[in-house]
Amino acid sequence: MRFEFIADRPCKVKTFLKGHDISKGLLAKVKYQGGHIWVNGIEVNAIYLLAPGDRVSIEIPAEVGSPSLLPIQHPLDIVAEDEHFLVINKPAGYPSIPSILHDESMANFVKAYYEEQTYENQQIHIVTRLDKDTSGLMLFAKHGYAHSRMDKALQAKTIEKRYYALVSGHKDLLDAGEIIAPIAREAESIITRRVHPSGKYAHTSYRVLKRFGPVKLVDIRLHTGRTHQIRVHFSHIGQPLLGDDLYGGSMDFGIKRQALHCHSLKFRDPFTGQERVHEAPLTDDFENVIMSMQNNLEKKDFL
């Protein structure tokens, strides 16, 4: 894959390319795995001194897929795809990556898709992960350079992820609010998290969209990306997610997984400069709970 830039100042090639998110590791791949760097059509090395206006071209070698990640055929709900990115609407029940407990993951499915499409780059790069039982949008980078650029966007907090959740609890919930509370690992668990002063800073914004008696449909924005952040924060304020028995959520409303769905993904495309917004509709289990709650309220009003 080839990329071109115009030098804007005198500096070494490697310094200039670093300003375009090409890391030392990526330059090493170019040097040792069959890539090339050209300046004005002449092949050079990374310490070549540029002049303003020089045309810099870099060819990044194709990426071989990991042999330890097995391809597994599975239908994919592809929301958007181009040469740099793949956006998928993930169903609940599948983890982002395989583990000892779960050997069928979105990474396995995407690898099978890449092989089927005979893409030049076969390495799987996940930019935004989701928990196994969370549904919604996942962003994949289709090559290492795209992944590097999106990692920088993650660090700068310019990728906006929004979630729908169904919550219910014994405490009142304001129409909108900010939850800022540090999250730490539970002392006796490698899975469960909790709000604790020893934890890392975590910030969640929310807005209540609809109320169905004790159940609320909430639109949530993450400002940080701590493990189980939404689940922990809403449990902390007395409004755990429906179906989330790990954090005290009710199992009485017909949904058997945490009621959490990533419905919106917004970011600036680093290759085109255009803002991209992708959406995923509510899942059937969300819709079933909402319809059931609406019907119950209508019956009460009728009586």
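Reader: Which residue does the UniProt annotation "active site" cover?

Author: D131, according to the unreviewed UniProt entry. Such annotations may be inferred rather than shown by experiment, and feature names are shortened. This is a predicted model, where local features need pLDDT of at least 70, side-chain atom pairs count only at pLDDT 80 or more, and totals for chains, interfaces and linings use all residues. Residues are numbered from 1 along each chain as its sequence is written, and side-chain values use heavy atoms, with hydrogens and water left out.

Reader: Where is the place of D131?

Author: In the loop between β7 (125-128) and β8 (135-141). Strands are DSSP runs of E, at least two residues; helices are runs of H or I, at least four; both are numbered from the N terminus.

Reader: What does D131 touch?

Author: K90, Y94, H228, R231 and Q258, not counting residues up to four places away in sequence. Contact means heavy atoms within 4.5 Å.

Reader: Which residues does the domain annotation cover?

Author: The unreviewed UniProt entry gives "domain: Pseudouridine synthase RsuA/RluA-like" for residues 84-236. That span is 21% helix and 35% strand. Its end C-alpha atoms lie 39 Å apart.

Reader: Switching to A107. Buried or exposed?

Author: A107 is buried, at 4% relative accessible area. The place of A107 is in helix α3 (residues 106-117).

Reader: What is A107 in contact with?

Author: L69, S96, I97, P98, I124 and I126, leaving aside neighbours within four places in sequence.

Reader: Now pockets. What is the volume of the second largest pocket?

Author: About 400 Å³. A pocket is an open set of points on a 1 Å grid over the protein atoms alone, with protein on both sides within 12 Å along at least five of seven lines. Grid points are joined across faces, edges and corners, and a volume is the space filled by probe spheres set on the points.

Reader: How many residues line the second largest pocket?

Author: 18, with K14, L27, A28, I37 and A46 nearest its centre. Lining residues have an atom within 4 Å of a point.

Reader: Which element gives the most to that lining?

Author: α2, with six residues.

Note on methods: Buried means under 20% relative accessible area, exposed over 50%, partly exposed in between (1.4 Å probe, protein chains only). On a 1 Å grid over the protein atoms alone, a cavity is a set of points where a 1.4 Å probe fits but cannot get out, and a pocket is an open set with protein on both sides within 12 Å along at least five of seven lines; lining residues have an atom within 4 Å of a point.
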